[in-house]
Amino acid sequence: MLAGSLLEVRNVSLSFGGLLALNGVSFELRSGEILGLIGPNGAGKSTLFNAISGYVRPKMGSIYFDGVDIGRATPEEIARAGMVKTFQTSRLFPSMTFLQNVEVGALSKTNDLEEATKIAAACLTQVGLLDRTLVSASGASTGQRKRLEIARALATSPRVLLLDEPFGGVDLDAIDALVALLHDLREKGLTLLVIEHNIEAVHRLVDRVIAMDLGTIIAAGTTESVTQNERVVKAYMKSSNE
C-alpha cells in the first residue's frame, strides 16, 4: 500500500465473455481527496466502480482498502469496512418518507430504531433535506434524490464514498449546492471517488482526475491537463461520432 493511500487498485483486468472491460487498471485514492473518473460511454468507469465495491470480481489484479485485500469481499463486507457506493440511477424506496429511506442505511450500523432515526435526521440535516423528513420520496426532484441517496450512504458511517454521476440530470442551481455539499463532506473527513460526465462540475469539484477509454487509463493528473490531453480529446470525439 502506498503511503497516504486509502484505496489502491493494482493491475485490475476483467472480462465479460470475449469483451475486455478492464485492462490492467492501476491507481490510488489518497486519504482526504476527491478524485474524478471521466471517459466516454463504454470506457469501463462503472465496471471499475463495481469491481471496487464488490459487485463483480476482477479476473486479474488486486484491490486494497486501507491495506486490506478486498478483491474477494462482498458488497456488504466492503460497505461495513467503510466504503459505500451510490448508483447512477437512484435506488430509493418511493413508498417511504425521506427519513425512512435514510433509516435503512442507519440500520446497517445499529439495530436500535430510535438511534437509527437520530442518525437519519442528522444525515438529512447534513445534506439540506431536514424539511423533507416526513415527505414521501416518490415526489423527490432529481437533485433531492441525489442528496437523499448521499444521506443514506452517510448513515452507514463511511470513510470513502463512491459517487456514480452525482450531477446527472441536476439543474445548474442544484449543481452549485451539490459541489458545496461534497466539499463540505471532504472537510469533515470523507474521501470521495466520483464518476462524472459533467466536465465543468468536475473542474470545480475534484483534486485530481483519471480518464479512461476502452477499459484502460489513458491520462491522469489535474483536470486542466487531462481534459486537454490529446488521447482524451480523441476518445470523446470518437464516442460522439459513433
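Where is S157 found? S157 sits in the loop between helix 5 and strand 7 (160-164), where helices (H or I, at least four residues) and strands (E, at least two) are DSSP runs numbered from the N terminus. Its phi is near 60°, a positive value in a residue other than glycine. N11, which is not a glycine either, has a positive phi of about 50°. The place of N11 is in strand 1 (residues 5-16), and with a relative accessible area of 41% N11 is partly exposed. Buried means under 20% relative accessible area, exposed over 50%, and partly exposed in between (1.4 Å probe, protein chains only).

The model is a predicted one, in which local features need pLDDT of at least 70 and side-chain atom pairs count only at pLDDT 80 or more, while totals for chains, interfaces and linings use all residues. Residues are numbered from 1 along each chain as its sequence is written, and side-chain values use heavy atoms, with hydrogens and water left out.

We turn next to the pockets. Rolling a probe the size of a water molecule over the atoms shows where empty space is left. The search ran on a 1 Å grid over the protein atoms alone; a pocket is an open set of points where a 1.4 Å probe fits, with protein on both sides within 12 Å along at least five of seven lines, and lining residues have an atom within 4 Å of a point. Grid points are joined across faces, edges and corners, and a volume is the space filled by probe spheres set on the points.

The largest pocket holds about 600 Å³ of space. It is lined by 21 residues, of which Y55, A79, V84, K85 and T156 are the closest to its centre. Helix 2 (75-81), strand 6 (83-85), helix 3 (98-106) and helix 5 are the elements that give two or more residues to this lining. Helix 2 gives the most, with four residues. By class, the lining of the largest pocket has nine nonpolar, five polar and seven charged residues; Ala, Val, Leu, Ile, Met, Phe, Trp, Tyr, Cys and Pro count as nonpolar, Asp, Glu, Lys and Arg as charged, and the others, Gly among them, as polar.

The second largest pocket holds about 240 Å³. Of its 19 lining residues, G42, A43, G44, K45 and T47 are the closest to the centre. Strand 2 (19-30) and helix 1 (45-52) each supply at least two residues of this lining. Its classes are eight nonpolar, eight polar and three charged residues.

Helix 3 also deserves a look for its packing. Seven of its nine residues are buried, which leaves the helix mostly covered. These buried residues are F98, L99, N101, V102, E103, G105 and A106, and they pack against helix 4 (113-126) and helix 5. Leaving aside neighbours within four places in sequence, R152 is in contact (heavy atoms within 4.5 Å) with R91, L92, F93, N101, V102, V104 and G105. R152 is buried yet has no salt bridge, and the nearest side chain of opposite charge, E149, is 4.2 Å away. Here Lys and Arg count as positive and Asp and Glu as negative, with His and the chain ends not counted. E149 belongs to helix 5 too, and is buried at a relative accessible area of 6%.

L129 lies in the loop between helix 4 and helix 5 and counts as buried at 4% relative accessibility. Beyond neighbours within four places in sequence, L129 is in contact with F98, L124, Q144, R147 and L148. L129 and A151 are 22 residues apart in sequence and 8.9 Å apart in space, C-alpha to C-alpha.

Salt bridges complete the picture. With a side-chain nitrogen of Lys or Arg required within 4 Å of a carboxyl oxygen of Asp or Glu, the count comes to nine salt bridges. In one of them, R204 pairs with D176, the closest N and O atoms being 2.8 Å apart. This pair links distant parts of the chain, R204 in helix 7 (residues 199-205) and D176 in helix 6 (residues 172-187), 28 residues apart. R204 is partly exposed at 33% relative accessibility, and D176 is partly exposed at 34%.

R186, E187 and D207 are linked in a network of salt bridges. The closest N and O atoms of E187 and R186 are 3.8 Å apart, and D207 meets R186 at 2.7 Å, N to O. D207 lies in the loop between helix 7 and strand 9 (208-213) and R186 in helix 6, so the pair ties together parts that are 21 residues apart in sequence.
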